[in-house]
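Here is a short briefing on one chain. Look over the sequence and the structure first, then read the points below.

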Amino acid sequence: MSIRDSRSIPKLFLYIFFSLFLICAPLLAQFESEIEKYRKAIEANPNDLDSMVQLARYLSWSEKYEEAITYFKKVLAVQPDHAEAKVGLATVYSWQKKYKESIKLYQEVLSKYPDSVDAMAGLLDKEATEFKD
């Protein structure tokens, strides 16, 4: 690689960074909009479990993991076998590298709902990760 070529590498990284920013920024803005929408829905109806699950998902996708965990756990306190909340909580735990907790939750979902594709996929991914580590 010549000196001239090596000088263009930082420009390439800068181009890639800004391209990704332009792609991701609207998604993050949409997440914030959805978060606000579900917060209002829960404010209007504090027992709306579906809105809590949706809020927790958007919070987790926005990397607000602790708040997402709080909402998933609120749903599970009311409805302990809520599959979407358990899978969501398991996913957040896996993103936090809490693999044992994550795998346990996926297994709980599969014991009650053996056809849960989300739980199967999550479990396979986590077991592969745990095996690799």
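Predicted model: local features only at pLDDT ≥ 70, side-chain atom pairs only at ≥ 80, totals over all residues.

The chain has six helices and zero strands. Buried residues make up 33% of its 133 residues.

**Overall fold**

- Read along the sequence, the pattern is α-α-α-α-α-α.
- Take the contacts with a separation of 6 or more: residues 24 or more positions apart account for 38% of them.

**Aromatic pairs: Tyr38 and Tyr58**

- The count of aromatic pairs comes to five.
- Tyr38 lies in helix H1 (residues 3-44), and Tyr58 lies in helix H2 (residues 49-61). The two residues are 20 apart in sequence, so the pair ties together separate parts of the chain.
- Tyr38 is buried, and Tyr58 is buried too.
- Phe31, Tyr38, Tyr58 and Trp61 form one aromatic cluster.

**Aromatic pairs: Tyr65 and Trp95**

- Tyr65 and Trp95 also form an aromatic pair, with 6.0 Å from centre to centre.
- The angle between their planes is 50°, and the pair is tilted. That angle is neither under 30 degrees nor over 60, so the pair counts as neither stacked nor edge-to-face.
- Tyr65 is in helix H3 (residues 65-78) and Trp95 is in helix H4 (residues 83-95). The pair links distant parts of the chain, 30 residues apart.
- Tyr65 has a relative accessible area of 21%, so it is partly exposed. Buried would need a value under 20%.
- Trp95 is partly exposed as well, because its relative accessible area is 40%.

**A charge over a ring**

- The charged end of Lys74 sits over the ring of Tyr71.
- The distance from that charged end to the ring centre is 4.8 Å.

**The largest pocket**

- The largest pocket has a volume of about 190 Å³.
- Its lining has 13 residues. Nearest the centre lie Arg57, Glu84, Val87, Gly88 and Thr91.
- H2 and H4 are the elements that give two or more residues to this lining.
- H4 provides the largest share, seven residues.
- By class, the lining has six nonpolar, four polar and three charged residues.

**Buried serines**

- Ser51 is found in helix H2. Its relative accessible area is 6%, so Ser51 is buried.
- Leaving aside neighbours within four places in sequence, Ser51 is in contact with Tyr38, Ala41 and Ile42.
- Ser62 is found in the loop between H2 and H3. Its relative accessible area is 16%, so Ser62 is buried.
- Not counting residues up to four places away in sequence, Ser62 touches Phe31, Glu32 and Ile35. Phe31 belongs to the aromatic cluster with Tyr38, Tyr58 and Trp61.

**Ile103 and Thr91**

- Ile103 lies in helix H5 (residues 99-112). Ile103 is buried, because its relative accessible area is 9%.
- Ile103 and Thr91 are 12 residues apart in sequence. In space they are 9.3 Å apart, C-alpha to C-alpha.
- Thr91 is one of the residues nearest the centre of the largest pocket.

**Positive phi in loops**

- Most residues other than glycine have a negative phi. Two exceptions follow.
- Glu63 is not a glycine, yet its phi is positive, about 65°. Glu63 is found in the loop between H2 and H3.
- Glu63 has a relative accessible area of 59%, so it is exposed. Ser62, in the loop between H2 and H3, is buried at 16%.
- Lys97 has a positive phi near 65°, again in a residue other than glycine. Lys97 has its place in the loop between H4 and H5.
- Lys97 counts as exposed, because its relative accessibility is 62%. The cut-off for exposed is over 50%.

Definitions and conventions. Residues numbered from 1 in each chain as written. Heavy atoms only, no water. Phe/Tyr/Trp six-rings, centres within 6.5 Å; stacked < 30°, edge-to-face > 60°. Helix = DSSP H or I, 4+ residues; strand = E, 2+ residues; numbered from the N terminus. Buried < 20%, exposed > 50% of the residue type's maximum accessible area, 1.4 Å probe, protein only. Lys NZ or Arg CZ within 6 Å of the ring centre and 35° of its normal. 1 Å grid on protein atoms, 1.4 Å probe; cavity = no way out; pocket = protein on both sides within 12 Å on 5 of 7 lines; lining within 4 Å. Points joined across faces, edges and corners; volume = space filled by probe spheres on them. Nonpolar A, V, L, I, M, F, W, Y, C, P; charged D, E, K, R; others polar. Contact = heavy atoms within 4.5 Å.
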